[in-house]
Amino acid sequence: MRLMSTVTNGIKGAFRIGQTVSVLGRTGINWLRGDRPPTPRLLRQTFESLGATYIKLGQFIASSPTFFPKEYVEEFQHCLDRTPNLPFGVIKRIIREELGRPLEEVYSEIDPVALASASIAQVHAARLVSGEEVVIKVQKPGVENILLTDLNFLYLSARILETLAPKLSWTSMSGIVEEIQRTMMEECDFIKEANNLKVFRDFLHDTHNEDAAVPRVFEHCSTRRILTMERFHGVSLTDLESIRGYARDPERTLITAMNTWFSSLTQCEFFHADVHAGNLMVLKDGRVGFIDFGIVGRIKPDTWQAVSDFISAVMVGNFEGMADAMIRIGITRQTVRVDDLASDLRRLYQQMDRMVPDEVPYEAEQAEDDVNHILMDMVKIGESHGLHFPREFALLLKQFLYFDRYVHILAPEMDVFMDERLNMLH
């Protein structure tokens, strides 16, 4: 059986590599003919046509200004992870195979219309036989094999390029592919996501935080490929009008969300690394709901002190302190002058301060662009001084900038770094 599986996977893998080379070949021919948009857009469109791995790779590029040029990071913000819904019959078969028993023994109903469908998984609303409302996240068939095949192909290609062009070894292309592989394979393992949810629930319990919530995992109907979770009903953190129907004080709700996340930096083994508006909800009972723990960040203990110093310096506007901390966080092959870096950060801070005037209406797409631009500018400044940052630092900064945008919507008068209600280093 194992031999047959290996042979089958080998055949599928060879077919997938052939498919990838074919698409890349057609793209290359069109490019040589002059029938081409700008290179970043051409690459993004090619990635979308290649499916799951390359869409995820595009999203990795979009969230990794520490690794990739600005024009590519900006273009891949538009990388679409919307795929056609799988037929409900296929979804039912996957759930049945994973659970090893009839669906009727577990769910009293499953909505045949998907709530969402992306390259790796599809989500359906359902109800357990015990009465609880749930959502079922179902991994699409063959995804993991495709990811492994594609990533092995990319890793081999990166190693060949590094051998042919030794100067590329400093950027460690193969190391980037390994990081992407680690991230993507974790996202495919719903047992790990379930564990992330449980760890965060324990963190909320241990810190006596009753104002925030994460979905409960139903382990008896969750596996590596399906995840059954409590269904949350609420609205996005950016929907101010609807929030007022659930919470009397939207500003206090925002402070709850921020303090919960800040506390997780020091009191939980990871932080939620994707707090965009779709993953933070205001629930009907007024609590803040954190959802989707497929992407989390972990700061190494020896890096945390520098990160903590960086946050402290930002809070009081100490640009020399910010520069000193950035130098300790980054990796460099040269001497970096603290004063020069501090001067550049001061100019960026002034630009950030006037980035979104309070009287300008909030627009989700524009806010996302603002977050990424300021993040890329900060990283670019560091790199102009010879610093290369770990991806976790960029993820951390990005979450701070998301919260800065939410302040403009829900509490435009609040000073994030001076408000005593915020425990940023608690």
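Predicted model: local features only at pLDDT ≥ 70, side-chain atom pairs only at ≥ 80, totals over all residues.

Biologist: Okay, so at what angle do helix 10 and helix 15 pack?

Modeller: About 170°, with the axes 10 Å apart. Helix 10 covers residues 250-267 and helix 15 covers residues 391-410. Angles over 145 degrees count as roughly antiparallel, so that is how helix 10 and helix 15 run relative to each other.

Biologist: Which residues in helix 10 and helix 15 meet?

Modeller: On the helix 10 side, they include Leu-254, Met-258, Trp-261 and Phe-262. Across from them, helix 15 brings residues including Phe-400, Phe-403, Tyr-406 and Val-407. Sorted by class, this contact has 13 nonpolar residues, one polar and one charged.

Biologist: What about helix 8 and helix 10, how do their axes cross?

Modeller: At roughly 100°, and the axes come within 11 Å. Helix 8 is residues 190-206. Phe-200, Phe-203 and Leu-204 of helix 8 make the contact with Thr-260, Ser-263, Ser-264 and Gln-267 of helix 10. By class that gives three nonpolar, four polar and no charged residues.

Biologist: Switching topic: how many aromatic pairs does the structure hold?

Modeller: There are 15 aromatic pairs. Take Trp-261 and Phe-271: their ring centres are 5.9 Å apart and the planes sit at 80°, so this pair is edge-to-face. The pair links distant parts of the chain, with Trp-261 in helix 10 and Phe-271 in strand 8 (residues 271-272), ten residues apart.

Biologist: And holes? How many cavities of 30 Å³ or more does a search of the whole structure find?

Modeller: Two. The second largest cavity holds about 90 Å³ of space.

Biologist: What lines that second largest cavity?

Modeller: Among its lining residues are Glu-179, Arg-182, Glu-186, Ile-295, Arg-298, Arg-391 and Leu-395. Helix 7 (173-188) and helix 15 are the elements giving two or more residues to the lining.

Biologist: Which helix gives the largest share of the lining?

Modeller: Helix 7, with four residues.

Note on methods. Residues numbered from 1 in each chain as written. Heavy atoms only, no water. Axes fitted to C-alpha atoms, helices over the stretch in contact; angles between N-to-C directions. Parallel < 35°, antiparallel > 145°, perpendicular 65-115°, else oblique. Contact = heavy atoms within 4.5 Å. Nonpolar A, V, L, I, M, F, W, Y, C, P; charged D, E, K, R; others polar. 1 Å grid on protein atoms, 1.4 Å probe; cavity = no way out; pocket = protein on both sides within 12 Å on 5 of 7 lines; lining within 4 Å. Points joined across faces, edges and corners; volume = space filled by probe spheres on them. Phe/Tyr/Trp six-rings, centres within 6.5 Å; stacked < 30°, edge-to-face > 60°.
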